Amino acid sequence: MKVLVVGGAGYIGSHCVRRLLEMGDEPMVMDNLSNGHRGALNPAVPFFEGDLGDQPWVREIFATHRPDVVMHFAAFAYVGESVERPMKYYRNNVVNTLLLLEEMLRAGIHRFVFSSTCATFGVPESLPISEDLPQRPINPYGQTKLDIENALRALARSTPLGFASLRYFNASGADPRGDLGEDHAPETHLIPLVIEAALGRREGLTIFGTDYPTPDGTAIRDYIHVNDLADAHLLAMRQLTPGAGLFYNLGTESGHSVRAVIESVERISGRKVPYTEGPRRAGDPPKLYADSSRIREELGWVPRYRSLDEIVETAWRWHEGHPHGYGD
Ligand SMILES: NC(=O)c1ccc[n+]([C@@H]2O[C@H](COP(=O)([O-])OP(=O)(O)OC[C@H]3O[C@@H](n4cnc5c(N)ncnc54)[C@H](O)[C@@H]3O)[C@@H](O)[C@H]2O)c1
C-alpha cells in the first residue's frame, strides 16, 4: 500500500517507514523537521518537507501522490511544555490534525492510523490499563490526543473514514541495526536519559520519587520497543474498514521501575550510572502498564522485545554509536 507517514523523520515514524519498506509497502514521508532529522530519512523514500498546517500544500500532495493510508505521528509530545504552552499543543496536535483529516476526506482518502497515548487515561482507576477504562487526561498533551480520538469517532459515524488509534505506552529502544534511534532535544524519556548519564553526556540523573507504593519505591512504567509499535501499525493499517474505528493500547503488559531501568543500563553498558534521589513530581502516578490483550487477540500482535534488557540493549547500541544523535 502507498502510505503517507506524517512525522516520518521522527523517532517512531522513522522506524515505521523502515518496517513498511521491509514489508513491501510504499512509504512517503511528510515532516517539517521541527523535531525530526534528515539523517533519519531513507533517501529512497519520497520526502515532502513542510508543515502539516499548510493546507493547500497538503492538498497538493494528496492530489499528486494519492496515498492509500495516512499514518499520523506528527505532534508535540512534551507533557510539561503542554501545561506551560497549551495553545502550542492545541494548534499542532488538534488544529493541524483536523486540517489533515479534512484534506484526506476531500481527496477521498479514508484510511488513517493515529498515534495516541496512554496519557489519555490520566491517573487510571485500576491496572492494567485496558481500552475499557475511562479516559481522563490530566494535562493538555493527553487532552489533545483524546480530542482527536473523539473527532475520529464522530467522523467515522458520518463519513467513510476507517481509523485506528494506537495508544502507546513508553516507546523505547532502537532498531537493532543501530542506525535509527531516539534523538529528542530536550530528551525527557527515561531510557535515553539514563544512557546519556552512563555515557557521561549529562552530569547525572534525578529519580523523582523513591517512596511510591512499589517494591523498590520508584515509579513503574511499561516500556514498549519501537519496532513492536511499528509492527502494530502495519497490522492495524490492513484491518481498517470504512466508517469504523479500532482502539488499541500498546505495551508489553509488564512494568519496570526507574531503579530497574538504571540497573539494566548498568548491566548492558558495564558502566555506573550517577544519580540522585529527589521528591515525586506532581501528576506522576506510581504505576502505569497496559493490558494489550485486545490487539493480541484481534490482530495477532506479538511484541518481540519482551525483556527490559533486550530493549535497553538496542537503545545502548544506538546511543553509543551516535553520542550526538543524528548530529543535526
Ligand atoms: N515517544 C513516546 O513514548 C510516545 C508515547 C505515546 C505517544 N507518542 C506519540 O507518537 C508520535 C510520535 O512520537 P515521537 O516520539 O516519534 O515524536 P518525534 O517528535 O520524534 O516525531 C514527530 C515528528 O513529527 C514532526 N512534526 C511535528 N509537527 C509537525 C507539523 N506541524 N508538520 C510536519 N511535521 C511535524 C516532527 O518534526 C517529528 O519529526 C507523537 O504523536 C507522540 O505524541 C509518543
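**A colleague's note on the predicted model**

1. Let's start with His233, which is buried in this predicted model, with a relative accessible area of 1%. Buried here means under 20% relative accessible area, exposed means over 50%, and partly exposed is in between (1.4 Å probe, protein chains only). His233 belongs to helix H7, residues 226-237. Leaving aside residues up to four places away in sequence, His233 touches Cys16, Met71, Phe73, Val113, Ser115, Leu166 and Tyr168; contact means heavy atoms within 4.5 Å.

2. A word on ground rules. Residues are numbered from 1 along each chain as its sequence is written, and side-chain values use heavy atoms, without hydrogens and water. Because this is a predicted model, local features need pLDDT of at least 70 and side-chain atom pairs count only at pLDDT 80 or more, while totals for chains, interfaces and linings use all residues. Helices (H or I, at least four residues) and strands (E, at least two) are DSSP runs, numbered from the N terminus.

3. Now to helix H2, residues 55-65, where Gln55, Val58, Ile61 and Phe62 are the buried residues. They sit on the same side of H2, because they cover an arc of only 120° around the axis. That arc is taken from the directions from the helix axis to the C-beta atoms. An α-helix has 3.6 residues a turn, so residues three or four places apart point the same way. On the face turned away from the buried side, H2 carries the exposed residues Pro56, Glu60 and Ala63.

4. What lies over the buried residues of H2? The cover includes strands E1 (2-6), E2 (26-31), E3 (47-49) and E4 (69-72), along with H4. Just after H2, Arg66 takes a positive phi of about 45°.

5. The ligand has 30 residues around it, and Ile12, Asp31, Asn92, Tyr141 and Lys145 come nearest; a residue is near if one of its heavy atoms lies within 4 Å. The shell divides into 13 nonpolar, 14 polar and three charged residues, with Gly counted among the polar ones.

6. Backbone atoms reach the ligand too. A polar backbone atom of Ser34 is 3.1 Å from a ligand oxygen, and a backbone N or O atom of Asn35 lies 2.9 Å from an oxygen of the ligand. For Leu52, a backbone N or O atom lies 3.0 Å from a ligand nitrogen. The protein covers 96% of the 830 Å² of accessible area that the ligand has on its own, by the Shrake-Rupley method with a 1.4 Å probe.

7. Which element gives the most to the shell around the ligand? Strand E5 does, with three residues.

Note on methods
Polar contact = N/O pair within 3.5 Å; in protein donor to acceptor, adjacent residues only side chain to side chain.
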